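Take a look at the fold below.

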Amino acid sequence: MLAALPELPDLGIDGRTIALLTLAGLVAGWVDAVVGGGGLVQLPALVLGLPGASPVQLLATNKLASICGTTTSAITYLRRVRPDLRTAIPLAIAAFVGSAAGAFFARFISKDAFTPIILVVLVLVGAYTLFKPSMGQVTALRFSGRRHLGTAILIGALVGFYDGILGPGTGSFFVFALVGLCGYAFIEASAKAKIANMATNLAALVVFIPQGAVIWQIGLLMGAANVLGGYLGARTAVARGHGFVRAVFVIVVSAFIVRLTYDLLT
């Protein structure tokens, strides 16, 4: 029985909640490593498990847990996929800068202002992916040279800003943008997305930690679970191939659409 686990006095939550948050971290790490969007699992779990925490505390704690998983999955992808770092590094640097800017403005902008826009974008992303099954099967770059690099940097800056200011679904946005705009296959896009996502999480923490916003006990606990999930997810994605990653992508985006629609209607 989970109810027998001890309470965590500093946070006022019991052992059952701790166990459920740990499970959420594990699942989020797996989902995030395969195709991104682990925040869809992890952030709502934090909202439910820590009702007394402020939005900034929830975002900061989510980032701490997430960076553990994204770092693990990024290393796994680097070893198994060997993505082109000439694109991945500028993408990650732009994402870092964008995320830091987004985290700075997170205190001033309401989540409600973003939800309808994000919902529309996700519907378009999901529909485009669903009705274009050939997308992301093989790498067929749309640009070369400076245009390719410039597109990657723009993707990094814009998606990074979104990650810093809100976050859930960032990995999915990175994957879709790299597949749809640059022409990468899903596996290659996922590998680069993990490197960029690791940078956005780090940038947000650079802003959040000095503010004292991170709940370290929970963040590190979920982070440990995220590491295991990220490792297993990255290995699964590489082993199962592009079709599997595409299917998980559609499922995650669909779940995110349902979640945001519910938030708007309630």
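The paragraphs below go through helices, salt bridges and aromatic pairs.

This is a predicted model, in which local features need pLDDT of at least 70, side-chain atom pairs count only at pLDDT 80 or more, and totals for chains, interfaces and linings use all residues. Residues are numbered from 1 along each chain as its sequence is written, and side-chain values use heavy atoms, with hydrogens and water left out.

Start with helix α8, residues 186–208. Helices here are DSSP runs of H or I with at least four residues, strands are runs of E with at least two, and both are numbered from the N terminus. Buried means under 20% relative accessible area, exposed means over 50%, and partly exposed lies in between (1.4 Å probe, protein chains only).

Now turn to charges. How many salt bridges does the structure hold? There are four. A salt bridge is a side-chain nitrogen of Lys or Arg within 4 Å of a carboxyl oxygen of Asp or Glu. One of them joins K192 and E188, with the closest N and O atoms 2.4 Å apart. These two residues are four apart in helix α8, so about one helical turn separates them. K192 is buried at 0% relative accessible area. E188 is buried as well, at 16%.

D32 lies in helix α1 (residues 15–34) and K194 in α8, so the pair ties together parts that are 162 residues apart in sequence. K194 is buried, with a relative accessible area of 0%. D32 also counts as buried, at 11%.

D84 and R86 form a further bridge, at 3.1 Å, N to O. Here D84 is partly exposed at 27%, and R86 is exposed at 68%.

Go back to α1. Two packed helices are described by the angle between their axes and the distance between the axes. The axes of α1 and helix α9 (residues 216–240) come within 6 Å and cross at roughly 35 degrees. Axes are lines fitted to C-alpha atoms, for helices over the stretch in contact, and angles run from 0 to 180 degrees between N-to-C directions. The residues of this contact divide into 16 nonpolar, eight polar and no charged. Ala, Val, Leu, Ile, Met, Phe, Trp, Tyr, Cys and Pro count as nonpolar, Asp, Glu, Lys and Arg as charged, and the others, Gly among them, as polar.

The whole structure has four aromatic pairs. Rings of Phe, Tyr and Trp (its six-membered ring) pair if their centres lie within 6.5 Å; planes under 30 degrees apart are stacked, over 60 edge-to-face, and the rest tilted. W30 and F244 are edge-to-face, 6.2 Å centre to centre with 80 degrees between the planes. W30 lies in α1 and F244 in helix α10 (residues 242–265), so this pair ties together parts 214 residues apart in sequence. W30 is partly exposed at 28%, whereas F244 is buried at 18%. Y162 and F173 are also edge-to-face, at 5.3 Å and 90 degrees. Finally, ring pairs link F104, F105 and F161 into a cluster.
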